[in-house]
Amino acid sequence: MLELCNVNMLFRQKKIKINVLKNINLVLPNTGLVIIKGPSGVGKTTLLNIISGLKKPSKGYIKYNCEKIKNIWINVVKYERKILQISKIKEIDMKTLIVTGGSLDISWAKDFVRTINAEYIIAADSGLKYIDELGLMPDMILGDYDSVEAGLLDKYKSTDIKTYPREKDYTDTHIAIINALKAGASVIYILGATGTRMDHTFTNICNMKAALDSDVPCFICDSHNKIYLVNDKMEEVKVSKKGQYGDYVSFVPLSEETIISLAGFKYVLDDYILHQGLSICQSNEIKENEAVINIKKGLVIVFETKD
């Protein structure tokens, strides 16, 4: 019999602490089939890694046949273990909505949130006021709350609330993206990430790389723009003329040198070497039923825009 006793798993990213498993107590019999089920992001894989000896828990321990195992993470082959047959679990598509504190057209946003129908919602600091105006119930609230109206946070005291210091190495939006990934987001939409502070807007765009590096699609959207990142590790990206966000598509390189191919656009490119500072990829238009973006080297920001 394998027994997990008060197992906790805490991940750290610089000053950010994310508790993936908390006080897990579980008894697994010596015989039979054990199935571990749950939505994406709740810690199934982390739990299995701890059981199999691939990860050491931050707190707690494992007992095998009533004997506490002390060194399983040092030499896993030293111990007799049962092979747990886990049924194949279909990951749940978890659309995640992050609302942060930039500018937001509430009238537009009401239609947008109905369209995407997010399963998981994060309010990043003053984005909570927009959440409240939109009549949404957040699954998580995070930030330092320096710009949140007094009393508003109390309205959502039953929600998972994470508090961070005002002086920190990450912005609230960046922390929200990290938490969305830890929660198992399959796609992330961010509202309120654009506005009058261009430094915040550009930083928010660059912060989407955390999602890109995790192979999770991430989009910053407002009433005029849909913004996302594409790099050379992705397969070709297709944008349909019917489904495009606006009338124009622009590409801004984040790498010193980018090799880009565009098909189905008014202005096509074939392995064009795009250097930073050039504006040749501004305000392109989709002419075919479907346009194809292929980045063979580098990283670009894609803007689907309308006036």
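Visitor: Over which ring does the charged end of K306 sit?
Guide: Keep in mind that this is a predicted model. The ring is that of Y245, and the charged end of K306 is 4.8 Å from its centre. You'll find another case at F219, where K226 lies over the face of the ring, 4.6 Å from the centre.

Visitor: Now rings with rings. How many aromatic pairs does the structure hold?
Guide: The general idea: a pair of aromatic rings is described by the distance of the centres and the angle of the planes. Here the structure holds 5 aromatic pairs. Take F219 and Y228: the planes stand at 70° and the centres are 5.4 Å apart, so this pair is edge-to-face. F219 and Y228 are both buried.

Visitor: What about F251 and F265, how are those rings arranged?
Guide: They make an edge-to-face pair, with 80° between the planes and 5.9 Å from centre to centre. Look at where they come from: F251 belongs to strand β13 (residues 248–253), while F265 is in the loop between β14 (257–263) and β15 (269–275). That's a link between distant parts of the chain, 14 residues apart. F251 counts as buried, at 2% relative accessibility, and F265 is buried too, at 5%.

Visitor: Which residues do ring pairs link into a cluster?
Guide: W108, F112, Y189, F219 and Y228. W108 and F112 are among the buried residues of helix α2 (residues 106–116), so let's turn to that helix.

Visitor: Which residues of α2 are buried?
Guide: I106, W108, A109, F112, V113 and I116.

Visitor: Let's do charges. How many salt bridges does the structure hold?
Guide: In general, side chains of opposite charge can pair when their charged atoms come close. This structure holds 13 salt bridges. One of them joins K63 and E3, whose closest N and O atoms are 3.7 Å apart. K63 is in strand β3 (residues 59–64) and E3 in strand β1 (residues 2–13), so the pair ties together parts 60 residues apart in sequence. K63 counts as partly exposed, at 21% relative accessibility; the buried class means under 20%.

Visitor: Where do D146 and R166 lie?
Guide: First the contact: their side chains meet in a salt bridge, 3.3 Å from N to O. D146 lies in the loop between β7 (140–143) and β8 (160–163), and R166 in the loop between β8 and α4 (172–182), so parts 20 residues apart in sequence are tied together. D146 is partly exposed, with a relative accessible area of 44%, whereas R166 is exposed, at 64%.

Visitor: Which residues are linked in a network of salt bridges?
Guide: D144, K168 and D172. K238 is partly exposed at 49%, and E236 is partly exposed at 43%.

Notes: Residues are numbered from 1 along each chain as its sequence is written. Side-chain values use heavy atoms; hydrogens and water are left out. Buried means under 20% relative accessible area, exposed over 50%, partly exposed in between (1.4 Å probe, protein chains only). Helices (H or I, at least four residues) and strands (E, at least two) are DSSP runs, numbered from the N terminus. Rings of Phe, Tyr and Trp (its six-membered ring) pair if their centres lie within 6.5 Å; planes under 30 degrees apart count as stacked, over 60 as edge-to-face and the rest as tilted. A charge sits over a ring if NZ of Lys or CZ of Arg is within 6 Å of the ring centre and within 35 degrees of the ring normal. A salt bridge is a side-chain nitrogen of Lys or Arg within 4 Å of a carboxyl oxygen of Asp or Glu.
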